[in-house]
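Today I'm looking up a few residues one by one and jotting down what I find.

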Amino acid sequence: MNALDIDLLRKSARGKAPRDRSTAHSLDRMTNLQVARRIVIFTVDAAGIASLVDAARADIPGLTCNRTIQTVANHNPDTFWAIARKDHFDISSPKGEGFFAVLPLTHEGLRGLLDGSLDTRNPDISCITRQSERPAGIYIWCIHAKGTLAAAIPLVLEKISTPLYRGVNLYSRPVTKEGLRVLEPLGFTPGARYDGLFAPNLQMCDRSKDVAAAKFRREPSVSVRVVQSMDEMARVIAIRGAVYMGEQQCPFEEEFDGNDFSATHLICHKDQEPVGCMRIRYFADFAKLERLAVRHESRNEGLASQIVSTAIELCRKKGYRVLYAHSQKRFLEFWEQQGFTRMTSARDFTFSDFDYTEVKLETERHPQSISLAADPYVIIRPEGRWDAPGILEMSANRGVSLLASAR
Ligand SMILES: CC(C)(COP(=O)(O)OP(=O)(O)OC[C@H]1O[C@@H](n2cnc3c(N)ncnc32)[C@H](O)[C@@H]1OP(=O)(O)O)[C@@H](O)C(=O)NCCC(=O)NCCS
């Protein structure tokens, strides 16, 4: 395990608040929430992995070869995360400035890590879990996050705290003197245990109590997902009723304009309470993002930004490269922050008592976009959840029924 800039990591892990306004935007002086709003964590394609790993070689001698890291990422995409500062990030050409790589290990893999038989420079792929499989332990394979970027590391660790990974212990092998202390503020202690084995040369972060704690603690969490049920649709209607009809006095017939059944809806929850939503409609050459709303009491917490970035990711995975929206003029800056620009030929117009202009985002093809070449089981997975097996492929285990073969 390699990591840089211990001081920054310590400060970030303790969630220090900004000390004064002049330095409030420096990454090392921000709380985790502030860091989260200024850092982008994303997955990259093979070329992206290669360029990040090549760039790290100067700082990390003896780093595993690109092909091994790529093989692991192909096997389980949750193993490699690129990190970038938002103000250095261009969504149309996403480039990382650092990265974080992990090995989610099977029972045998974790035993091998502790008894020394697992070669972490060239790990046996059968020792690494698949994306939807809960690992026995997670090995922090490599971190390259120089300077202020190191403040993002606790946020990347949150990526491996989703329900699938919650309570799974983390392991690391510090290879430098600094590395010995680098993860200490995040709860790592010297020596690692698993299944009766003890490895004094490893560090371990014991998260086994997290599972029990999670059962009793109400987690302040934010989620944005595709609406899949009438209950979720009722939540969307309630939010739009409150925001557009209540706040903006939009007549019912104009807000619920007949297009809701030809659209995808996103719902955003905070602490299990529905707080935001958006609608997406699809045309041959572009997808249109519309009806973005966040309840008044939850504004200025970055929720609309999260909803828009989920919508962009969803549309890109569906193969869209052009996203289009009508921005209320007063929100033009908001859309620009999300990567959209006012179209050169933008028309200005009004409806439902507000003035609008046309904004557009052009992106590269998403490396994992769904095409006709995709596995048919992937194509029939629930919208937006193409990374995990869906209910229909599980039904494939039943085979063909007698009824079908009798025809
Ligand atoms: C527009 C709306 C969805 C923003 O929701 P939000 O969750 O408060 O937005 P975020 O917290 O993600 O804000 C992101 C950025 O937009 C900016 N922003 C938010 N509301 C703004 C406003 N009223 N005017 C100008 N900028 C605004 C914020 O400054 C923030 O920038 P920062 O991160 O640098 O501070 C919300 O105000 C809303 O629901 N408005 C009513 C519905 C509406 O008119 N929607 C039409 C959108 S075209």
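Predicted model: local features only at pLDDT ≥ 70, side-chain atom pairs only at ≥ 80, totals over all residues.

**Entry 1: a spot between two strands.** I went to aspartate 195 and found it in the loop between strand 6 (189-194) and strand 7 (197-205). Next I checked the backbone: phi of aspartate 195 is near 50 degrees, a positive value, and the residue isn't a glycine. I flagged that because most residues other than glycine have a negative phi. Is aspartate 195 buried, exposed or partly exposed? Its relative accessible area is 43%, so I wrote down partly exposed, as that label covers values between 20% and 50%.

**Entry 2: another positive phi.** I looked up asparagine 300, and its phi is positive too, about 60 degrees, although it is not a glycine. Where does asparagine 300 lie? I found it in the loop between strand 11 (287-294) and helix 11. Asparagine 300 has a relative accessible area of 74%, so it goes down as exposed; the cut-off for that word is over 50%.

**Entry 3: over to the helix.** Helix 11 covers residues 303-317, and I picked lysine 317 in it. Why does lysine 317 count as buried? Because its relative accessibility is 12%, and buried means under 20%.

Then I asked which residues lysine 317 touches. Leaving out residues up to four places away in sequence, I listed His366, Gln368, Ser369, Ile370, Trp386 and Asp387. I took a second look at aspartate 387: its side chain and that of lysine 317 are joined by a polar contact of 3.5 Å.

Methods
Residues numbered from 1 in each chain as written. Heavy atoms only, no water. Helix = DSSP H or I, 4+ residues; strand = E, 2+ residues; numbered from the N terminus. Buried < 20%, exposed > 50% of the residue type's maximum accessible area, 1.4 Å probe, protein only. Polar contact = N/O pair within 3.5 Å; in protein donor to acceptor, adjacent residues only side chain to side chain. Contact = heavy atoms within 4.5 Å.
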